[in-house]
Amino acid sequence: MTPANPVRYDRESEIALIEIDNPPVNALSAAVRRGLSDAVAHFATDAGARIAVICCAGRTFIAGADISEFGKPPVEPFLPDVIDAIEASDKPIVAALHGTVLGGGLEVALGAHARVAVPGTRLGLPEVTLGLLPGAGGTQRLPRAVGLEAAIDMVTSGRQIGADEALRMKLIDALADGTDPRAAGIAHARRLLSEGAAGRRLSDVAAPTVDPQVVESWRGKVAKASRGQVAPLRALDTIAEGLALPFAEGVAVERRAFMDLMQTPERAAMIHAFFSERRAAQQDDLKGVTPREVNRIGVIGGGTMGQGIAASALAAGLDVTLIERDTAAAAKAAAGVAAMQDGAVKRGKLSAADRDAMMADRFRAVTDYAALGDADLVIEAVFESMDVKREVFATLDGICRPGAVLATNTSYLDVNEIAAATGRPQDVIGLHFFSPANVMRLMEIVVADRTAPDVVATAFNLAKRMGKIGVRAGVCDGFIGNRIMSAYRAAADHMVLDGASPYQVDRAVADFGFPMGPYQVGDLAGLDIGYANRQRKAATRDPRERVPVLADRLAEGGRLGRKTGRGYYIYDNQSPQGRPDPQMGTMLDGIRAELGITPRDFTDDEIRSRYMAAMVNEGAKILDEGIAARASDIDVVLLHGYGFPRGKGGPMHWADAQGLGTIAADIARYAEDDPYFWQAAPLLARLAESGGRFADLGKDAQ
Ligand code: 3HC
Ligand code: NAI
């Protein structure tokens, strides 16, 4: 193999081995496509070779097209042509699969005449998660292999399936015993030769019948699950339309759809999200810094967050000691953690035996802090009170071994002040998990003034190990996510005071693509949290700041949201998901009259514009202040912690796509009503002035 050719051609007696070696994930770059195409041509003329095996070196079979090439001019040979050449081969070709066989990778495998996988292989067509659809025959070959509905399910959801399921579906022909894909491929090729079998071309297989009723029923499901995204429905139509045509025409339909989707803002947004998630972990200042070793962790406080953090850490293979205030609370926390593991068993994510071993050997809930003496890292998740947190950290300072990392899960509080309760502020950091912590993938890594670099590196390592996306944040009230949420919540509250109803705001925001509006979120989280936070800050509040009187009235009246059956909405047997309160209008009229506000109408568009402008403006302030290092980090936080629609890429990407001048002009208009709240971020004003974009800031550093 020369560096220029990442595809090796070898022979083992009558078996040709075509091995792709393009780390890290064997993506189908132009060089791989060229190498594969040449290898297949060589196999055709290699008289001694009767069968070929396509396999991959490294950790995975081909994980798809090379995403970094998207949006650039296409380079020959094109993938559909390479796959057609594989399929057209007169001599059989076996695909030997391992790792994650995704997108174009699975399409290559579907072009082969037989497929064998090693145990643990995962297969999928994730193109819709990038705003695309399979563009190299996948929508037409997959249904011919697995049937219409199974194919629709895989293509429109992008979900990965395991090797066992793939075998049951007949997506693969065999599951190997060993773990070596090359050996598995050779063994399968030998078997085919000895049986005189040649596998089959999927393009020759009759297409499954397309029942329009089946397609219609999927349309409903897909529309609901994809929340306004274009690609999944287009994928469904492409499957149905293509299968009604001869194979070659079906593939042409697919190609047109793929090219169309390549031009959409949704595709650009979703690929931005993909790379932003990976970029978040790249920290130039941590290059060469060795993270501290973490095996045993402590969790203090076994409430909502402590339980979720403990469950997530256990799933990552860590040893967990949870500390509660008394034995009853410890037992309750342990039961909560156990219930989460039971849930994992039910969902097939964990075996019952592994759960039992994990709970017996690696987990304990106790009351004595002394049990944390040998912990490598402790995460505090007690009440959101500075006094309580400082007391906990002072205790930890006296108990934990030197070098242990001391982390707080605070949502808003000053991590510097918490660190100052110890004699080792260099070991203190914020690890802000999101609720439910065993499900949500975001973790804000809050770096305080004196946090040591190797503690930051340890936090990023821990995030990866726990399957989380760590995003670095600086210290401020609410860090990245909650600070931005406070801003757009305030914009919504102002509109409600001025004439909109909370229900209209929720609807307008959901129409943008959020799974819920701010008032539904508030009811879910509990209105007491925000109320307590406002009380804490009341004494220092600027008199020009508008108070969300409705939120205060609800909380003071014991309407705390879902948990009390009433908040902005009413929750009961009749409407477990909540229904509008018919008294809301009267309540709001009363509040407006008290405040001397003459209500006015808001269009849904204005609601969305104000909501988004508040989000982007606060994001720009956060970026300018260095609380977030990159605009893309802010996007990752909103995407993974606050339900921002992935098809729009995150608020900063969305703002760039709108043009920052438009948003700055909106803010200037809104400032005429409320100059205190609508102060344009200087960075936004500068970029709007110069025609710049958030994405180009610090490009070299990114
Ligand atoms: N193209 C280019 N780069 C890719 C890539 C791809 N398809 N997949 C992964 N990478 C890069 C990542 O950006 C990352 O780079 P970095 O180290 O510089 O940040 C590196 O490979 C490793 O990736 P991960 O950190 O994600 O590694 P994991 O082990 O956690 O995950 C994976 C591996 C499951 C393969 C995951 O990377 C993944 O899901 N990749 C995307 C797969 C995908 O969407 N494929 C479909 C592409 S579209 C297509 O095929 C169109 C076709 O139908 C024509
Ligand atoms: P919670 O009230 O559900 O749980 C707190 C637990 O801490 C209680 O079980 C309590 O008994 C225990 N506790 C209190 N003082 C203790 C002490 N000195 N030693 C041992 N245990 C003690 O609270 P929740 O929601 O779990 O929040 C915990 C922290 O996580 C807070 O700082 C909160 O701001 C933060 N957070 C909360 C999120 C949420 O959505 N609930 C999201 C992200 C962060």
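**Questions on this structure**

Me: Is D376 buried or exposed?
Reply: The relative accessible area of D376 is 12%. Buried means under 20%, exposed over 50%, and partly exposed in between (1.4 Å probe, protein chains only). By that rule, D376 is buried.

Me: What kind of model is this?
Reply: Residues are numbered from 1 along each chain as its sequence is written, chains are lettered from A and ligands numbered from 1 in the order in which they are written, and side-chain values use heavy atoms, leaving out hydrogens and water. Local features need pLDDT of at least 70, side-chain atom pairs count only at pLDDT 80 or more, totals for chains, interfaces and linings use all residues, and the model is predicted.

Me: Which residue has its backbone nitrogen 2.8 Å from a polar atom of the D376 side chain?
Reply: D376 is in the loop between β12 (363-366) and β13 (377-380); strands (E, at least two residues) and helices (H or I, at least four) are DSSP runs, numbered from the N terminus. Beyond four places in sequence, D376 is in contact (heavy atoms within 4.5 Å) with residues including E293, V294 and R401. The residue whose backbone nitrogen lies 2.8 Å from a polar side-chain atom of D376 is N295.

Me: How many residues of domain 3 are in contact with domain 2?
Reply: The bounds come from an automatic or database domain assignment, which gives domain 1 (7-262), domain 2 (294-473) and domain 3 (481-700). Taken over C-alpha atoms, the centres of domain 2 and domain 3 are 30 Å apart. On the domain 2 side 13 residues are in contact, and on the domain 3 side the number is 13.

Me: Which residue has its backbone oxygen 2.9 Å from a polar atom of the N617 side chain?
Reply: N617 is in helix α24. Its relative accessible area is 3%, so N617 is buried. Its contacts beyond four places in sequence include I667, A680 and L684. The backbone oxygen 2.9 Å from a polar side-chain atom of N617 belongs to Q679.

Me: How many of the 9 residues of helix α4 are buried?
Reply: Helix α4 (138-146) is largely enclosed by the rest of the structure. Its buried residues pack against α2 (79-88), α3 (104-111), α5 (148-157), α6 (163-169), α9 (231-243) and α10 (247-262). After α4 comes G147, with a positive phi near 95°. Of the 9 residues of α4, the number buried is 9.

Me: How much of the accessible area of ligand 1 does the protein cover?
Reply: Around ligand 1 are 25 residues (a heavy atom within 4 Å), with R59, G104, E107, E127 and R278 the closest. A polar side-chain atom of E127 lies 2.5 Å from an oxygen atom of ligand 1. Accessible areas come from the Shrake-Rupley method with a 1.4 Å probe, and for residues only the protein chains shown count as cover. Of the 990 Å² that ligand 1 has on its own, the protein covers 74%.

Me: Which element supplies the largest share of the shell around ligand 2?
Reply: The residues around ligand 2 number 23. An oxygen atom of ligand 2 is 2.8 Å from a polar backbone atom of M305, and an oxygen atom of ligand 2 is 3.0 Å from an N or O atom in the R325 side chain. Two or more shell residues come from each of α12 (304-315), α15 (386-399) and β15 (428-433). The largest share, 3 residues, comes from α15.

Terms used
Polar contact = N/O pair within 3.5 Å; in protein donor to acceptor, adjacent residues only side chain to side chain.
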